[in-house]
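Dear colleague,

I am passing on the structure below, together with some notes on strand pairing and aromatic contacts. Please read the notes with the structure open beside them.

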Amino acid sequence: MYKHMQNFAGIELSAFDGKDMWIRIRAEAVFDEDMEVKRKMFEKYPVVREIYKSPDNPDFAVFYFKNPSIKIQSFSGRDEVIRG
């Protein structure tokens, strides 16, 4: 997925609550190579530290969403778009 995101920055994530509502998040993935940001991730999330061992691990990447669009829909008629 990482290599795909490097080549195609436009991504979409979706989730369903198992009942009647789902959310779709569309955005451009922007990778952040700032070592301080990576260190903060290691401090805040122990599971990241357990998996990647070091912030300079080449397999560890941090990205953020640029120009997000969030769509929330439900079978009961909700259809809402939120833009960032």
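In strand β3, F65 is the bridge partner of A29, and β3, whose residues are 63-74, also holds F63. Helices and strands here are DSSP runs numbered from the N terminus, with at least four residues (H or I) for a helix and at least two (E) for a strand. β2 and β3 run antiparallel and are joined by 10 bridges, where two strands count as paired if DSSP finds at least two bridges between them.

This is a predicted model, in which local features need pLDDT of at least 70 and side-chain atom pairs count only at pLDDT 80 or more, whereas totals for chains, interfaces and linings use all residues. Residues are numbered from 1 along each chain as its sequence is written, and side-chain values use heavy atoms, with hydrogens and water left out.

On the other pairing, β1 (residues 10-16) runs antiparallel to β2 and is joined to it by seven bridges, with S14 standing opposite R24 in β2. The hairpin of β1 and β2 has four residues between the strands, and in it G18 takes a positive phi near 85 degrees.

Turning to the rings, those of Phe, Tyr and Trp (its six-membered ring) pair if their centres lie within 6.5 Å, and planes under 30 degrees apart count as stacked, over 60 as edge-to-face and the rest as tilted. By this rule there are seven aromatic pairs. One of them is formed by Y2 and F31, which is edge-to-face because the planes stand at 90 degrees, with the ring centres 5.3 Å apart. Since Y2 belongs to helix α1 (residues 2-7) and F31 to strand β2 (residues 21-31), this pair ties together parts that are 29 residues apart in sequence. With buried meaning under 20% relative accessible area, exposed over 50% and partly exposed in between (1.4 Å probe, protein chains only), Y2 is partly exposed at 34%, and F31 is partly exposed at 23%.

Another pair is formed by Y52 and F60, whose ring centres are 5.2 Å apart and whose planes are at 45 degrees, so this pair is tilted. Y52 is partly exposed, at 27% relative accessible area, whereas F60 is buried, at 6%.

Finally, ring pairs link F63 and F65 with Y2 and F31 into a cluster, and F63 is itself partly exposed, with a relative accessible area of 36%.
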